[in-house]
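Biologist: Hi! I'm new to this one and would like a quick tour. Could you put it up on the screen?

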Amino acid sequence: MWITGASGSGKSTVCALLKSRGEPAVDADWEGYNQWVDRVSGQVVAAPPDPVPQGWLDRFGWRMSRERVEDLAARARETDVFLCGYVENEAEVLDLFDLVICVVIDDETMRERLRTRTTNSFGKHPEELAAALEHNARLEAAYRARGAVVVDGTRPLEEVADAITTARRTRRPSRPARTRPTRPS
């Protein structure tokens with residue numbers, strides 16, 4: 001299951017809460033699934049600048065390794081695993097998830113969470129905040145159109161984690177079910 005949302009929506013905190021409850025959960029940002037990549041050369045950026053300079057986000061993107069997700073999926077065939085994060089190349093890995101859950105927040109909540117968070121500095125720099133707000137403006141509609149379960153991330157994050165585990169139990173696929181072709185008779 002893919003748990004996604006904008007910067008500051010609570011994905012990492014919810015991931016930690018799920019882990020504390022004994023759920024198999026992986027934070028894609030912190031556990032090596034995501035990385036900054038130069039969109040022109042395809043090279044991974046080992047040490048991105050902090051804060052990013054003007055225009056940096058135009059060339060570099062936060063991307064996920066499909067191979068890492070395929071490996072996780074292969075290891076988790078008999079159990080549900082929550083993979084939490086957001087990446088710009090999500091379309092390249094969505095087929096690996098049977099459920100997508102999008103945690104949504106309003107801009108005021110985003111600004112406050114990014115301003116006060118201590119786990120990382122992304123979003124504190126004006127260029128990063130502007131990019132996060134721009135992304136947030138279209139996030140909910142895009143995920144609803146994809147059939148994702150949308151969860152209100154402005155609620156206390158314990159409640160968000162509860163809503164996510166409930167969505168798992170009442171699962172509705174985020175993509176059409178695959179069917180096998182039938183042989184002609």
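Predicted model: local features only at pLDDT ≥ 70, side-chain atom pairs only at ≥ 80, totals over all residues.

Biologist: Thanks! What is the volume of the second largest pocket?

Modeller: About 360 Å³. A pocket here is an open set of points on a 1 Å grid over the protein atoms alone, where a 1.4 Å probe fits, with protein on both sides within 12 Å along at least five of seven lines; lining residues have an atom within 4 Å of a point. Grid points are joined across faces, edges and corners, and the volume is the space filled by probe spheres set on the points.

Biologist: Which residues of its lining are closest to the centre?

Modeller: Of the 14 lining residues, the closest to the centre of the second largest pocket are Ala 73, Ala 76, Thr 79, Leu 96 and Asp 98. Helix α3 (residues 66-75) provides the largest share of that lining, with 3 residues. Helices (H or I, at least four residues) and strands (E, at least two) are DSSP runs, numbered from the N terminus.

Biologist: And the largest pocket, what's its volume?

Modeller: The largest pocket has a volume of about 1200 Å³. It is lined by 40 residues, and Ser 7, Trp 36, Trp 62, Arg 117 and Phe 122 lie nearest its centre. The elements that give two or more residues to this lining are α1 (11-20), β3 (34-38), β4 (60-64) and α5 (126-145).

Biologist: Which element gives the most?

Modeller: That's α5, with 6 residues. By class, the lining of the largest pocket has 16 nonpolar, 14 polar and 10 charged residues.

Biologist: You mentioned the two tryptophans. Which residue is the bridge partner of Trp 36 in β4?

Modeller: Trp 36 has Trp 62 as its bridge partner in β4. β3 and β4 pair in the antiparallel sense over 5 bridges; two strands pair if DSSP finds at least two bridges between them.

Biologist: Why is β3 described as largely enclosed?

Modeller: Because 4 of the 5 residues of β3 are buried, the rest of the structure largely encloses this strand. Buried means under 20% relative accessible area, exposed over 50%, partly exposed in between (1.4 Å probe, protein chains only).

Biologist: Back to Ser 7. Is it buried or exposed?

Modeller: Ser 7 counts as buried because its relative accessibility is 19%. It sits in the loop between β1 (2-5) and α1. Not counting residues up to four places away in sequence, Ser 7 touches Ile 105, Met 110, Leu 114, Arg 117, Phe 122 and Ala 132, with contact meaning heavy atoms within 4.5 Å.

Biologist: What about Gly 8, where is that?

Modeller: Gly 8 is in the loop between β1 and α1, and is buried at a relative accessible area of 10%. Gly 8 and Arg 115 are 107 residues apart in sequence, yet their C-alpha atoms are 9.3 Å apart in space.

Biologist: New topic: which residues have the most contacts inside the largest nonpolar core?

Modeller: In that core of 26 residues, they are Trp 2, Tyr 33, Met 64, Leu 83, Phe 97 and Met 110. A nonpolar core is a set of buried Ala, Val, Leu, Ile, Met, Phe, Trp, Tyr and Cys residues joined through side-chain atoms within 4.5 Å. α5 gives the most to this core, with 4 residues. A second, separate core of 19 residues includes Met 1, Val 14, Leu 17 and Val 149.

Biologist: Last one: which two residues does the cis peptide bond join?

Modeller: It joins Asp 50 and Pro 51, with omega at about 0 degrees. Pro 51 is in the loop between β3 and α2 (56-59).

Note on methods
Residues numbered from 1 in each chain as written. Heavy atoms only, no water. Nonpolar A, V, L, I, M, F, W, Y, C, P; charged D, E, K, R; others polar.
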